Amino acid sequence: MGRPTPSSSSSSPSSPADDDILVIIEGVKKSSKSKKTSDIDTDSSTSPPHHHHHHYTSSSPQQKLHKALVRTRHGDERVWLGGLSKDLGKKKSIAILKTTLSPDLAKHPALDKLTTVKHTSQLNKELCKWELSQTSHSYKFGVVFARAGQTLDNDMLGNRGASRGFMEFLQFIGDIVPLKGWDKYAAGLDVDDDRDGTMSLYANHSGNQIMFHVSTLLPYNPSDPQQLARKRHIGNDVVVIVYMEAEGYHPNSSTTSHPFDPSGFRSQFNHVFVIIRPYQRGGGGGGGEDKSSSSSSSSSSDATFISGKFEERWAGTEDSLRYHVSIVARGEVLPFGPPLPERQNFGKTPLFREFLLSKLINAECAALAAPVFQDRLAKGRAAFLTNLKKTCLNK
């Protein structure tokens, strides 16, 4: 670990210009040749991409380089520094740092107030705790069962039971697990006294733990029209699957359409809805044969997604069950992959399961970059920096 240097600025964290700032500098290697100033994209699941930068400063051969992490309430910048030394002095060191930062961050007033602090085990513990909190491999998603004609969340959450098709869908995307004594990721569900039901839906996807808040597996209260025991979990999920049943539905028939209206969900947290509509190939609603599985269109040909890793037919099964998938997101959520095929129809295949779980995870990552969530994250980062400054400077 390098030298953490929190700002000693005592201004209010509500003003971006007066935020606290943290700079961690660490010497890492000797350069063998000059490097040009450049930006390199970084991969982060917790902060907007435009807040992450890698910069290189030109350096002479065999000159020691330092890497620096500059953290504010709005995000991080990671830079490489050349020309630093212990006898250079604070003012000149900060001047070198400013030349590598983005223009807005280089003007940050707290940079001129940086104070070098001693690296302690307590400081290291606080920094590690924060890093762990910013890296997530656990996700929670809502799953709501909607009967034909239901458009409001209260009506959907008021479904006491579910259809066989819905239960088959749940078992297709995950495993039904007992909650009591559950020792893996529980997404806030009670695992001691069955207060949130006795069973839930769990999946593991590429090392990511996923716990679903399934409406029909959460407690039902016949005297509560809002079903708050269910809503307190699903209402706080950023991404929600809505499984919409309609007798005779077929994607090729306009007479059997079952429109979804996101305004029926009144939670401010629900930002992305993944709509699943089951149907039978070759029947229902006068739609006739499912053309997506019999034509030579792009949707029925070999499709590639998830960084080109998989190639398989969407409808690669003899089972007549199909799922039509659509995505509804709030306007501030940017597009996210993997892309839907043109006709948006899927067979009950391992490929579809992988597609769906990847889509859910990416949906949450995209939604968390929306302003409403970034404001919340910024407040958390500001509180961390303020507390860290007190820990470092009050010793």
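Predicted model: local features only at pLDDT ≥ 70, side-chain atom pairs only at ≥ 80, totals over all residues.

Modeller: Residues are numbered from 1 along each chain as its sequence is written, and side-chain values use heavy atoms, with hydrogens and water left out.

Colleague: At what angle do helix H5 and helix H7 pack?

Modeller: Helices (H or I, at least four residues) and strands (E, at least two) are DSSP runs, numbered from the N terminus. Axes are lines fitted to C-alpha atoms, for helices over the stretch in contact, and angles run from 0 to 180 degrees between N-to-C directions. H5 (residues 164–173) and H7 (residues 350–367) pack at about 80°, axes 10 Å apart. So H5 is roughly perpendicular to H7 (65 to 115 degrees).

Colleague: Which residues make the contact?

Modeller: Contact means heavy atoms within 4.5 Å. H5 brings Phe169, Phe172 and Ile173; H7 brings Phe352, Arg353, Leu356 and Leu357.

Colleague: Now the strands. Is E8 mostly covered or uncovered?

Modeller: Buried means under 20% relative accessible area (1.4 Å probe, protein chains only). In E8 (residues 199–205), 5 of 7 residues are buried, so the strand is mostly covered.

Colleague: Which strands pair with E8?

Modeller: Pairing takes at least two DSSP bridges. E7 (residues 175–178) joins E8 by 4 bridges, antiparallel. Aspartate 175 partners tyrosine 202 of E8. E9 (residues 208–214) joins E8 by 5 bridges, also antiparallel. There, alanine 203 has isoleucine 210 of E9 as its bridge partner.

Colleague: What about the hairpin of E8 and E9?

Modeller: There are 2 residues between the strands, and serine 206 takes a positive phi near 55°.

Technical notes:
Parallel < 35°, antiparallel > 145°, perpendicular 65-115°, else oblique. Buried < 20%, exposed > 50% of the residue type's maximum accessible area, 1.4 Å probe, protein only.
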